[in-house]
Amino acid sequence: MRLTLVDGRLQGHADSLSFDLTCARSGGVGSEGEQEVLSLLMTLPPIDFQVDMLTLHLPQGRVQGAAKLRHLAQRIELEWLTGPGELRLLLEPWGDGWRWSGDVPAGALHPLLPKVVAVSGEWLPGQPLALRASGGLPSPVEGDWQLAVQAVSGPQGWQILPGSSLTVPRLRWQDADIRELRITPRRALSTREALELQLDWAQASWKQTRLPVQAVLLDMAGLDDHQGQIRARLGHELSLLGHWRYRPQGLALTVAEQTLSLPEAWAWLAGWLAVPAGFELETGELTFSLNAADLLNPKLPIRLSMSVADSDFSYRGVMAEGASGHLDLSWSQTGWRSQGTNSLSIARIHPGVEVSDIYAAFRLERGQPWLSGLTARLLGGQLAVSPMALGSEFSGELHLSDISLALVLTQVAVTGLSGDGRLHGRLPFSYRQGISVSNGRMYSRDGWLSYQAEAELLVSAEDNLSLALTLGMLKDLRYERLDASISMMPTGEAVIDSRLVGHAPVMGQDHPVNLNYHHEENLLQLLTSLRFAHDISESLPSRLQGEKK
């Protein structure tokens with residue numbers, strides 16, 4: 001350091017000068033030496049200094065460049081041009097230490113930071129270093145950040161104390177909006193050791209839908225190793241573990257396949273999405289995985305895979321057993337898409353009559369769910385639902401084949417009525433605040449019906465020839481054609497018009513039969529009654545057995 005007199009003014013010049021605002025370096029060339037230089041500068045009359053190489057030491061790296069120092073009333077103002085830009089810093093004595101404030105080029109801290117970073121802090125001997133900074137988030141993320149660090153220096157380097165935090169008042173990215181994001185260390189962290197951080201927020205939403213993640217735990221090997229584990233806490237004992245990696249090419253996230261309790265996952269889902277009322281999950285496991293090559297690039301897809309196994313559930317009193325399924329989805333700026341075959345299978349349900357071996361395939365098409373097809377077994381035959389779009393309102397066709405007439409008649413439970421044959425047909429249906437059927441058709445060929453009247457009805461037939469002939473035909477009616485039309489209102493009120501063509505023996509002779517029958521009944525109430533009878537028949541034996549004990 002030297003002083004010269006130029007045109008009657010005293011000016012200072014130094015080949016090199018360095019400051020360590022963290023005061024972590026020791027010896028004559030460390031914090032002690034720098035403190036002596038600062039003290040000397042403070043005792044001199046107000047003199048401007050030109051420094052050929054001024055070095056600012058940071059916890060990680062340093063900033064260098066030519067600079068000017070101005071002595072202003074017990075304060076020192078530094079201005080120097082570094083590679084990333086111009087830096088201004090004001091230093092002043094503070095007790096037995098120093099405090100400072102100013103602006104640092106964002107590029108001097110990280111190449112992706114877009115703005116000048118405002119910094120301030122203070123240091124006292126034997127006390128933690130206090131450092132504050134604020135700036136803007138890197139594109140494409142929108143928002144500002146505020147850093148408040150308490151740190152101490154030790155044998156392992158700098159340790160960041162648990163009271164430190166990085167706060168983002170509001171972060172916006174694509175359709176995500178996070179309020180009061182706060183990142184804190186979970187313990188005292190060394191800049192040379194693995195970092196363990198926790199992310200909390202007051203409110204987080206995606207497309208105005210609240211995100212239900214309570215907190216995120218983030219681990220990384222060190223400040224220079226931009227990768228590590230990430231754990232999202234979804235709820236009580238419910239979390240997902242993944243691995244993240246940041247590179248100039250983007251932010252990658254991988255969640256390896258993990259198994260969760262399906263009822264717990266559903267309860268968590270119901271806490272932030274509108275789920276169907278009356279839907280209850282009893283058992284099951286959910287397997288989940290995720291892969292994203294770059295979360296910051298909306299053109300690259302985020303892929304999700306989910307599987308359900310061994311699930312039992314109920315919907316408005318209808319129990320489903322042995323459910324399993326698989327769903328592969330991808331999301332990008334074009335929206336949701338399905339990948340490969342997505343399916344759901346159910347061993348059996350009992351809405352009134354047992355439906356078993358249910359298998360459904362579905363997909364997402366332009367963001368809308370589609371049923372690619374559904375098949376099942378019903379009353380000894382098969383049913384199939386044609387492909388259709390799904391939504392709050394939908395319509396399709398139910399196809400029936402080889403339905404056992406004998407099993408159908410057992411559901412009707414009319415005393416003395418029996419028969420056999422195979423039923424086929426199609427039932428166009430729609431759902432608009434209830435299921436309705438219009439222009440439904442059923443038919444059967446070459447079967448038989450038998451009605452064995454009770455004694456009281458047979459007595460009445462002794463004086464009624466028409467009734468006697470009818471009862472005689474119904475004892476052994478062989479039909480060649482059985483056709484029926486079916487319609488049903490959303491309330492369940494159904495109208496069935498049937499026509500039967502066949503023959504029957506009457507008084508020892510075979511007579512042709514043409515029978516038309518009109519029937520009206522609430523089918524939904526009938527199914528409810530049948531389901532109630534089934535539930536009673538299932539539970540009554542166990543209850544009686546329990547009473548015997």
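Strand β35 (residues 477-488) and strand β36 (residues 493-506) run antiparallel and are joined by 10 bridges. The model is a predicted one. Within this pairing, D483 has R499 of β36 as its bridge partner. The hairpin of β35 and β36 has 4 residues between the strands, and G492 there adopts a positive phi near 105°.

β36 also pairs with strand β37 (residues 509-522), again in the antiparallel sense, over 14 bridges.

## Overall composition

The protein chain contains 7 helices and 37 strands. Of its 549 residues, 36% are buried. Among contacts with a separation of 6 or more, 41% involve residues 24 or more positions apart. The chain exposes about 30800 Å², of which carbon and sulfur atoms supply 54%.

G97 belongs to strand β7 (residues 97-104). Its relative accessibility is 4%, so G97 counts as buried, the cut-off being under 20%.

The C-alpha atom of G97 is separated by 4.5 Å from that of L124, although the two residues are 27 apart along the chain. Leaving aside residues up to four places away in sequence, G97 touches E92, W123, L124 and P125.

## Salt bridges

The structure holds 15 salt bridges. One of them joins the side chains of R348 and E321, with an N to O distance of 3.2 Å. Because R348 lies in strand β26 (residues 342-349) and E321 in strand β24 (residues 318-332), this pair ties together parts that are 27 residues apart in sequence. R348 is partly exposed at 37% relative accessibility, and E321 is likewise partly exposed at 33%.

R363 and E365 form another salt bridge, in which the closest N and O atoms are 2.9 Å apart. R363 is partly exposed at 28% relative accessibility, as is E365 at 34%. A salt bridge also links the side chains of E397 and R426 (2.3 Å, N to O). E397 is located in strand β31 (residues 394-404) and R426 in strand β33 (residues 422-431), so the pair ties together parts 29 residues apart in sequence. E397 is partly exposed at 22% relative accessibility, and R426 is partly exposed at 32%.

Key. Residues numbered from 1 in each chain as written. Predicted model: local features only at pLDDT ≥ 70, side-chain atom pairs only at ≥ 80, totals over all residues. Heavy atoms only, no water. Helix = DSSP H or I, 4+ residues; strand = E, 2+ residues; numbered from the N terminus. Buried < 20%, exposed > 50% of the residue type's maximum accessible area, 1.4 Å probe, protein only. Contact = heavy atoms within 4.5 Å. Areas by Shrake-Rupley, 256 points an atom, 1.4 Å probe, with all protein chains shown as cover. Pairing = 2+ DSSP bridges. Salt bridge = Lys/Arg side-chain N within 4 Å of Asp/Glu carboxyl O.
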